[in-house]
Amino acid sequence: MGHDGQINSAWDEKSKSYQYDTCFSMIKDIVSSADIALLNLEVTLAGEPYKGYPQFSSPDELVIAAKNAGFDIFITANNHSLDGGKKGLERTIDVLDKNGIIRTGTFRDSTQRFVEYPLIVEKNNIRLAILNYTYGTNGLLVRPPNIVNYIDTSFILTDLLKAKSVNPDFIIMTLHWGLEYQRNENSQQSELAEFLLKNGVDAIIGSHPHVIQPIRKYYSIPEDSSAYNLVVYSLGNFISNQGDRYRNGGLMVEIEIEKTVNTVLTDLKTHPVFVYKPPKPGGGNYFVLLPANDFERMVSVLNIPQPDQLNFQLFKEDTEEHLK
């Protein structure tokens, strides 16, 4: 996300430009090691004036820094997709395209959606279909011919049929769903997840609640503990200016899939990330994502003050306990 504090923090007075590379510097190795890395872009790139909540418009430099950190695919259907109106939706698409960033979820028109959706990506001889939908856009209405992918099971089934027609090895669906600040999934999420899994989706990755929700494995063959579908109900906040407990960080999820006779999910790793805000010379704060799995080294290398250490440690412990 891109709250006002983050925008102000990114401004570099010396170069008279926005600099976001520091945000991702401590997690770059994790992200860049993936064959494919995806993120949920929950801001528009609507141009100046830049602003945070409630209608986000971030500097273009934010996505350039994320790309430099190793992110390959940006998911754009979420409740803030229309924060910049028609101009913001279209400019976001244009900026991502100009910078060679693969994207999906919002579209300039039906022709673009027909050609580009579902997103098909092939890597290491594994063909992935990637789909993205949101529950809504904060009451803002999409203006034709623009398209935002909304959660509608009839439309989703049509898209899944189209995806299956190109014989993907693995189908990933990213959903913006659930209730904000609720640490467990609700019945609507679990019912939709089961519906999607029964219709061929292999993994579901969720966002929107701003807190981490459980990761659940759904076994299609009960006696085979190696055959399962994955639902990550909410990744929580990746980077934001929400500093309350449970909201001051989030989760990166790493999945490994292997193609033999069938394509199966063979490994799952979680990488909790904490938002550390050390002071900037001259005032304000930096925003730096810290890998909680590397807690001891981060504390030592960055010489993190005791109060921030305690918050970092609490976030780490909360996350580990919740994911059990």
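Author: The axes of helix α9 (residues 295-302) and helix α10 (residues 306-322) come within 11 Å of each other and cross at roughly 165 degrees; the model is a predicted one.

Reader: Which way do α9 and α10 run relative to one another, roughly parallel or roughly antiparallel?

Author: With that crossing angle, α9 is roughly antiparallel to α10, because angles over 145 degrees count as such. The crossing of α9 and α10 is right-handed.

Reader: And which residues meet between α9 and α10?

Author: From α9 there are F295, M298 and V299, and these meet Q309, F312, Q313 and K316 of α10. Two of these residues, F295 and F312, also belong to a cluster that ring pairs build together with F274 and F315.

Reader: Staying with rings, how many aromatic pairs does a search of the whole structure find?

Author: The search gives twelve aromatic pairs. One of them is formed by F24 and F238, which are stacked, with 6.4 Å from centre to centre and 20 degrees between the planes.

Reader: Where do F24 and F238 lie, then?

Author: F24 lies in helix α2 (residues 21-24), whereas F238 belongs to the loop between β13 (229-232) and β14 (249-259), so the pair ties together parts that are 214 residues apart in sequence.

Reader: Is F24 buried or exposed, and what does F238 count as?

Author: F24 is buried, at a relative accessible area of 4%, while F238, with 21% relative accessibility, counts as partly exposed.

Reader: What about F107 and Y117, what kind of aromatic pair do they form?

Author: F107 and Y117 form an edge-to-face pair, with the centres 5.5 Å apart and 70 degrees between the planes. F107 is in strand β6 (residues 106-107) and Y117 in the loop between α6 (110-116) and β7 (119-123), ten residues away. F107 counts as buried at 0% relative accessibility, and Y117 is buried as well, with a relative accessible area of 2%.

Reader: Y117 makes me think of the backbone; what is the peptide bond from Y117 to P118 like?

Author: That bond, from Y117 to P118, is cis, with omega near -5 degrees, and P118 sits in the loop between α6 and β7. The peptide bond from Y53 to P54 is cis too, with omega near 10 degrees, and P54 is placed in the loop between β3 (38-40) and α4 (61-68).

Reader: Which residue has a positive phi of about 50 degrees although it is not a glycine?

Author: That residue is N124, found in the loop between β7 and β8 (126-134), where N124 is exposed with a relative accessible area of 55%. Y246 also has a positive phi, near 80 degrees; Y246 belongs to the loop between β13 and β14 and is partly exposed, at 28%. As background, most residues other than glycine have a negative phi, and most peptide bonds are trans.

Reader: Switching topic, which ring face does K162 lie over?

Author: K162 lies over the face of F114, at 4.4 Å from the ring centre, and K217 lies over that of Y228, at 4.6 Å from the ring centre.

Reader: Last one: where is T76 found, and what is T76 in contact with?

Author: T76 is in the loop between β4 (73-75) and α5 (85-98) and counts as buried at 6% relative accessibility. Leaving aside neighbours within four places in sequence, T76 contacts L41, S81, L96, T104, G105, T106 and N132.

Note on methods
Residues numbered from 1 in each chain as written. Predicted model: local features only at pLDDT ≥ 70, side-chain atom pairs only at ≥ 80, totals over all residues. Heavy atoms only, no water. Phe/Tyr/Trp six-rings, centres within 6.5 Å; stacked < 30°, edge-to-face > 60°. Helix = DSSP H or I, 4+ residues; strand = E, 2+ residues; numbered from the N terminus. Buried < 20%, exposed > 50% of the residue type's maximum accessible area, 1.4 Å probe, protein only. Lys NZ or Arg CZ within 6 Å of the ring centre and 35° of its normal. Axes fitted to C-alpha atoms, helices over the stretch in contact; angles between N-to-C directions. Parallel < 35°, antiparallel > 145°, perpendicular 65-115°, else oblique. Left-handed = near helix turned anticlockwise from the far one by under 90°. Contact = heavy atoms within 4.5 Å.
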